[in-house]
Amino acid sequence: RPSRASLPHLSVMASLRAVRAQLSARTAVYMRAFATKSPVVSTLQGKIQALAAQKTPQFTKLRKELGDKPIGQVTVGACIGGARGMKCLLSETSLLDPMEGIRYRGRTLEECMQQLPKAPGGKVGLPEASFWLLLTNEIPTEADVRALSEELHRRSTVPQHVIEMIDKMPKDMHPMTQLAMAMLALQPGSSFGNAYRSGTLAKKKYWEHTLEDALTLVAQIPIVSARIFRNVFFEGKHIPSDPSLDWAGNYAQMLGVNDTEAFKEVTRLYLMLHADHEGGNVSAHTTHLVGSALSDAYYSYAAGLCGLAGPLHGLANQECLRWLKETHQALGGREPTVEILTQYAKDTLASGKVIPGFGHGVLRKTDPRYTIQKQFAAAHFPDDPLFKLASVCFEAIPPVLQATGKVKNPWPNVDALSGTCMQHYGLNQEDYYTVIFAVSRSLGCMANLVWSRIMGLPIERPKSETLDSLEALAGKQ
């Protein structure tokens with residue numbers, strides 16, 4: 001008979017055995033689901049494997065033959081200046097050119113808009129089609145995109161305990177906080193996490209389970225995000241998912257602020273344009289960094305979301321919209337002109353304030369994402385007061401910024417118009433804008449995570465220095 005003192009120990013051991021049993025049962029469920037792949041997932045896997053086989057000789061050459069070759073210089077300024085411009089990350093899905101903007105697998109956004117399949121009657125390349133492109137380096141057919149959309153709908157079910165948790169969150173909690181918490185609450189369903197804990201997952205299979213998680217996370221995030229929106233801003237009155245709609249169109253429908261096809265199109269546009277922006281931005285890099293520790297997609301993207309919530313990253317679009325509103329109000333009903341806006345910009349800078357929506361850490365020309373949104377706005381709502389104001393700002397502000405001699409890129413970026421486009425269709429809840437960004441960026445972050453695992457990239461561990469050691473190093477040069 002056990003002693004009384006040992007009874008708590010036995011109770012703990014029993015609890016541990018119960019937890020292990022639950023994990024084993026859950027792992028078995030996910031392994032069975034993994035073994036019965038749908039045709040579209042098998043197609044994706046085959047295309048990704050074929051591309052990986054094509055890239056393997058190049059990767060091997062770079063690692064074995066060219067590994068010691070320098071590709072740049074690390075300066076003190078780069079070390080204390082946020083590693084800006086340092087070439088020290090590998091991201092296969094996209095590349096940001098200072099003059100051309102972002103390229104998805106070598107294709108400009110203008111080419112993506114032309115080549116990607118579209119919704120019936122639409123003119124915007126579907127964001128889920130860009131997800132296929134980022135994963136496979138191939139433009140999908142319309143049949144491919146339909147099959148992928150159906151697969152995402154099939155995977156979109158959110159567990160009841162996660163729904164209940166979201167519904168109980170305080171309504172004054174920021175939507176991005178709620179979304180990050182929801183991602184963590186979904187983590188127990190991770191295919192990779194459960195397979196890895198089983199102790200039987202071979203390293204060469206890491207990427208397949210990461211792809212499973214990537215597809216499921218992308219499927220679930222619009223459902224979760226729309227629920228958060230309706231809870232916070234519409235008293236929990238929800239609009240059901242419509243499996244007949246595409247991924248982005250369904251998200252727009254569930255938001256419920258505008259039931260027009262034009263709002264679905266602008267949502268598709270936003271989600272496609274923001275899907276990826278190479279690997280060095282905060283959300284993409286954070287997701288990759290956490291994933292490099294073999295944290296699963298849910299852990300990794302939850303961390304990326306916390307970076308996206310920062311005022312210097314994902315909150316920029318709402319800051320731009322607020323600035324435009326304040327400027328419009330300051331004009332007091334006057335028609336905006338280049339002369340008026342030029343003086344207003346000078347006064348803003350003289351007061352020590354910044355003008356949001358202009359400049360970029362890498363780009364040295366007008367952001368193509370801005371240009372594409374401007375074309376959409378000009379075609380759909382040319383007389384919108386904020387769009388007209390933004391158009392005049394495009395003419396007036398860059399020369400003012402150039403004249404300071406301190407701005408490397410005075411041209412507008414994507415944030416200068418994205419909030420204006422959303423507000424025109426009634427989505428004026430500015431605190432929610434970063435969530436829309438998060439839904440979009442899940443595509444690039446998940447595609448990149450899959451490729452990090454298929455390439456077997458190691459855990460990230462750069463070397464840090466102190467101020468004293470940095471000064472000493474600089475003195476030796």
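The following conversation goes through the fold of a predicted model.

Trainee: To begin, how many helices and strands does the protein chain have?
Mentor: The protein chain has 21 helices and 3 strands. Please bear in mind that the model is predicted.

Trainee: In what order do the 3 strands lie in the sheet?
Mentor: The order is 1-2-3, in an open sheet with antiparallel pairing.

Trainee: And which strands stand at the edges?
Mentor: Strand 1 (94-97) and strand 3 do. Each of these two has a single partner strand, so one side of each lacks a neighbour in the sheet.

Trainee: Over how many bridges do strand 2 and strand 3 pair?
Mentor: They pair over 2 bridges, in the antiparallel sense. Arg103, for instance, has Thr108 in strand 3 as its bridge partner.

Trainee: What lies between strand 2 and strand 3?
Mentor: A loop lies there, between strand 2 (101-104) and strand 3 (107-108), and Arg105 is found in it. Arg105 has a positive phi of about 50°, although this residue is not a glycine.

Trainee: Is Arg105 buried or exposed?
Mentor: Arg105 is buried, because its relative accessible area is 10%, and buried means under 20%.

Trainee: Turning to Leu294, what is its phi?
Mentor: The phi of Leu294 is near 65°, which is a positive value in a residue other than glycine.

Trainee: Where is Leu294 found?
Mentor: Leu294 is in the loop between helix 13 (282-291) and helix 14 (297-308). Its relative accessible area is 27%, so Leu294 is partly exposed.

Trainee: What share of the residues counts as buried?
Mentor: Of the 477 residues, 48% count as buried.

Trainee: And what share of the contacts with a separation of 6 or more comes from residues 24 or more positions apart?
Mentor: Such residues account for 76% of those contacts in the protein chain.

Definitions and conventions. Residues are numbered from 1 along each chain as its sequence is written. This is a predicted model: local features need pLDDT of at least 70, side-chain atom pairs count only at pLDDT 80 or more; totals for chains, interfaces and linings use all residues. Side-chain values use heavy atoms; hydrogens and water are left out. Helices (H or I, at least four residues) and strands (E, at least two) are DSSP runs, numbered from the N terminus. Buried means under 20% relative accessible area, exposed over 50%, partly exposed in between (1.4 Å probe, protein chains only). Two strands pair if DSSP finds at least two bridges between them. Contact means heavy atoms within 4.5 Å.
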